[in-house]
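Subject: A structure to look through

Dear colleague,

Please find below the structure I said I would pass on, together with its sequence.

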Amino acid sequence: MAQEYSYVRTEMLPEQEPPSNAVGALVWVRENLFSGPLNTILTLASLAAVWWILSHLSGWFLNSVWQAGSLAECREILDGATGACFAVITDRWEQLLYGFYPSDAYWRPNLALLLMLVALAPVLFPGVPRKLFWFSAIYPALAFWLLWGGSIWPPLVVLAAFPLGFIAYRLVEPINGILATLAALAAPILWWFLLAGPVGGVLAGILPGTLEPVASDLFGGFMLSIIIGVTGIALSLPLGILLALGRQSDLIFLKTICVGFIEFIRGVPLITLLFTASLLLNYFLPPGTNFDIILRVVIMVTFFAAAYMAEVIRGGLAALPRGQYEAADALGLDYWKAQRLIILPQALKISIPGIVNTFIGLFKDTTLVVFIGLLDPIGLSNAIRATTEWNGVYWELFVFIGLCFFIFCFGMSRYSMYLERRLKTDHR
Amino acid sequence: MANAADPPKDSFRLSMLVYDTRYRSITIQIVALFLFMGAAAWLVDNTIQNLRTLGKDFNFSFLWSRAGYDINQRLVEYTNDSSHGRAMLVGLLNTLLLAFISCVTATIVGVLAGVARLSKNWIVARLMTIYVEAFRNIPLLLWIVVFFAVMTESMPAPSAFRGDDPAASMLLFDTVAVTNRGVYVPEPLFYRSLGDIDLGIFLVSLDLIAIVAALVQGFYVNRAIVGRATRIQEATGIRPTTWWQSILALFGPVIAVLVALGFHLGYPELKGFNFTGGTHLRNSLIALWAALTIYTGAFIAENVRAGILAISRGQTEAAFALGMRPGRTMSLVILPQALRVIIPPLISQYLNITKNTSLALAVGYMDLRSTLDGITINQTGRELEGMLLMMLIYLLISLTISAAMNVYNRSVKLKER
């Protein structure tokens, strides 16, 4: 029988305010900044460091001059006070961004960049209509045409080899699988060597579509960094995947080649590879061959990044449980299907942070092209300093270049975090 | 009747090379082998042809001919009468020196920053986040150029140290001079030097050997002392105080050797237009050292942080439950375990430092690339031999470092059964 006890409360008491010594800004400060002698010292030292930096830099930033024609003019305006002379940026920002690209054609790299964002959108974000992939597929030819000028047909015709190979594969596939693969390889090669030239000529005759050609040695600044960086990124990922698969493969000879390639590239500095591209390639190629220096650099940077990429992806492959491989075999999938449907999606997902780190590294490494005479932003900063107007300008240029690189690289690392969150399938 | 599981006893047909999975891998490999050999032969043939067209041959005899250029920083004897091979050696030693000191300081900076980034102190953690993000996202080359500009543009000229009321003064009780021509630090000198020993390739100071021997001997004696203390502790539960024995064992022999050799410091002095005496650390070395240290330190900090975060929270809680303070928890419980996670990426950071020393070109530091692959190949026109030799040397350095670090990694790895 339930008995009523008068001293048992039947309703909840309202929550009391926490005691004043457990909440509030002061408590937070005490617990986080002054919890012990060491912490107090660290806090004070950090505050002193921050104060020292701010007090030295704030005047320099606040007094900055944005409109002047030369460093002497800047100093005149400042009249002895310390201050930055960002006028060099307002005066020369076009050069830092585009190098010596003709200024009446700036719309071309701008348009190429804009279209690149459109072409990247379906690759980067899932909400974008899938049909845009067709645009991404033809974008390389379009960008080449916009940047280097000339007729639009040569790059399009070169690109047309890939759908041709696909069509050849589809046509021959019902007859014989192996023959189809051979046809898919042979069709583009035949196309490039026999048909591409005449077809391009005919098409150019019908509709010229020419832009003023721009030589490679006029390219420079961030435009050059982005061209080399983005092309290298786009090419090094597939090459890196192939190398990683080759290194994990059971085919001893293929494995040896891949290991040798990866270890060689990872063992030497990028500079030596770039010098190889600029000095030694003439030795290794048939006499008389000469091709564009930017293309050479892109190839070397791609090889370099691909070797690192291969190691990152190998880590992802090794992290997959053995059962995944066995399950794919048990389903009767052949090697490529198993890789494409089961192994690689998981392995790549695990290795996203490493892959993006390699991308960021590659983008930063594009600055090394200054050593073989291409004008990257750092090379241009030297060129600007060599002029009489801006002789002696250092920090403003460095701040601008550093900020631009920071925005790109930081953006990439934030995107990788977003991608990791989006692809997370475990429920932890 | 044949068992159903028996393989069909068909005779071998040529098409099985393609369709039968037992043979297909061999087919693929043989095709790949031929393609590879074909490509290699093509490259070699092109090279031979090109060399013949240029009227060059392929030999390394230029390494023994007179170099004829000066190198401003040299760890071994070198004049412009020495050979190109010797110039290469000087450059190689400069590369190794830079790589070594940068690895040491980058590790220190990285470990401190990585631990500080996890600190509960809000300001310290934020500052370290800013440091790591800023240095990881901006190219190393820019940092090298920036540090070089700081040294050459913002530091006082030697003449600023002159006069009764100089504009600049020397640091650390007038022993270190930071000028726009480099940093002058005191140099070690000996009244009763033992002289040098000639190793054939270069001279090694016997004083240095004596000091290193004393240090190593002290290290081993100290290890024996600590080992004995541990045995006593295990037997009796009481650890004898050993700190003064350790200090004596570690520093006693070195101090004795230094006194015996008549050790003293030679201080830099302003004479004429420049400082003389002391050791001159060039701006290029300082800039590269600082940039490599701070840049790679940011990467190592991230590796250290990841390693610490990989240790489960339970370990910290267990250490706290045993009554350990946070500092001892970190040094005795977390870091030893985290080390196993940290070391493999640390190895690749060391390799990166070694390879990144080749950026020395940007500030005119005479490293391997600037000597062998810069002036030497410009003078002799042997770019093929020079490049191949340099790649080989870098490859050897990289493989040696990674082999050595892998041995260390194996020794700290968790022994699993």
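In which element is Met128(B) found? Before you look, please keep in mind that this is a predicted model. Met128(B) is in helix 4 of chain B, and because 23 C-beta neighbours lie inside 10 Å, where 20 or more are needed, this residue counts as buried. If we leave aside residues up to four places away in sequence, Met128(B) touches Ala113(B), Ala116(B) and Arg117(B). Leu96(B), by contrast, is 32 residues from Met128(B) along the chain, and the C-alpha atoms of the two are separated by 29 Å.

A second residue to look at is Val363(B), which sits in the loop between helix 11 (326-356) and helix 12 of chain B. Is Val363(B) buried or exposed? Val363(B) has 23 other C-beta atoms within 10 Å, and it is therefore buried. Its contacts, again not counting residues up to four places away in sequence, are Ile144(B), Phe148(B), Ser284(B), Ala287(B) and Leu288(B). Arg305(B) is 58 residues from Val363(B) in sequence, and the distance between them in space is 32 Å, C-alpha to C-alpha.

Ala404(B) and Ile347(B) are 57 residues apart along the chain, while their C-alpha atoms are separated by 9.4 Å.

The buried residues of helix 7 of chain B are Asp207(B), Ala214(B) and Gly218(B), and they pack against strand 3 (187-190), strand 5 (203-205) and helix 8 (243-261) of chain B. Just after helix 7 of chain B comes Gly237(B), which takes a positive phi of about 90°.

Turning to the two chains together, 43 residues of chain B are in contact with 42 residues of chain A. On the chain B side, the elements that give two or more residues are helix 2 (21-54), helix 4 (122-136), helix 5 (140-154), helix 12 (368-380) and helix 13 (383-412). Helix 2 of chain B gives the largest share of that side, 12 residues. Sorted by class, the side of chain B that touches chain A has 25 nonpolar, 11 polar and 7 charged residues.

One helix pair that joins the chains is helix 12 (residues 270-284) of chain A with helix 13 of chain B, which pack at an angle of about 145° with their axes 10 Å apart. Their crossing is left-handed. From helix 12 of chain A the contact uses Thr272(A), Phe275(A), Thr276(A), Leu279(A), Leu280(A) and Tyr283(A), and from helix 13 of chain B it uses Glu383(B), Leu384(B), Met387(B), Met390(B), Met391(B) and Tyr394(B). By class, this contact has 9 nonpolar, 2 polar and 1 charged residues.

Two helix pairs within chain A complete my notes. Helix 4 (residues 87-98) and helix 17 (residues 377-385) of chain A pack at an angle of about 130°, with their axes 11 Å apart, and these two helices are therefore oblique to each other. The crossing of helix 4 of chain A and helix 17 of chain A is right-handed. Here Val88(A), Arg92(A), Gln95(A) and Leu96(A) of helix 4 meet Pro377(A), Leu380(A) and Ile384(A) of helix 17, and the residues of this contact divide into 5 nonpolar, 1 polar and 1 charged.

In the other pair, the axes of helix 10 (residues 221-248) and helix 16 (residues 352-365) of chain A come within 9 Å and cross at roughly 145°, in a right-handed crossing. Gly229(A), Gly232(A), Ile233(A) and Ser236(A) of helix 10 meet Phe359(A), Leu362(A) and Phe363(A) of helix 16, and by class this contact has 4 nonpolar, 3 polar and no charged residues.

With best wishes

Definitions and conventions: Residues numbered from 1 in each chain as written. Chains lettered and ligands numbered in written order. Predicted model: local features only at pLDDT ≥ 70, side-chain atom pairs only at ≥ 80, totals over all residues. Buried ≥ 20, exposed ≤ 12 C-beta atoms within 10 Å, placed from the backbone. Helix = DSSP H or I, 4+ residues; strand = E, 2+ residues; numbered from the N terminus. Contact = placed C-beta atoms within 7 Å. Nonpolar A, V, L, I, M, F, W, Y, C, P; charged D, E, K, R; others polar. Axes fitted to C-alpha atoms, helices over the stretch in contact; angles between N-to-C directions. Parallel < 35°, antiparallel > 145°, perpendicular 65-115°, else oblique. Left-handed = near helix turned anticlockwise from the far one by under 90°.
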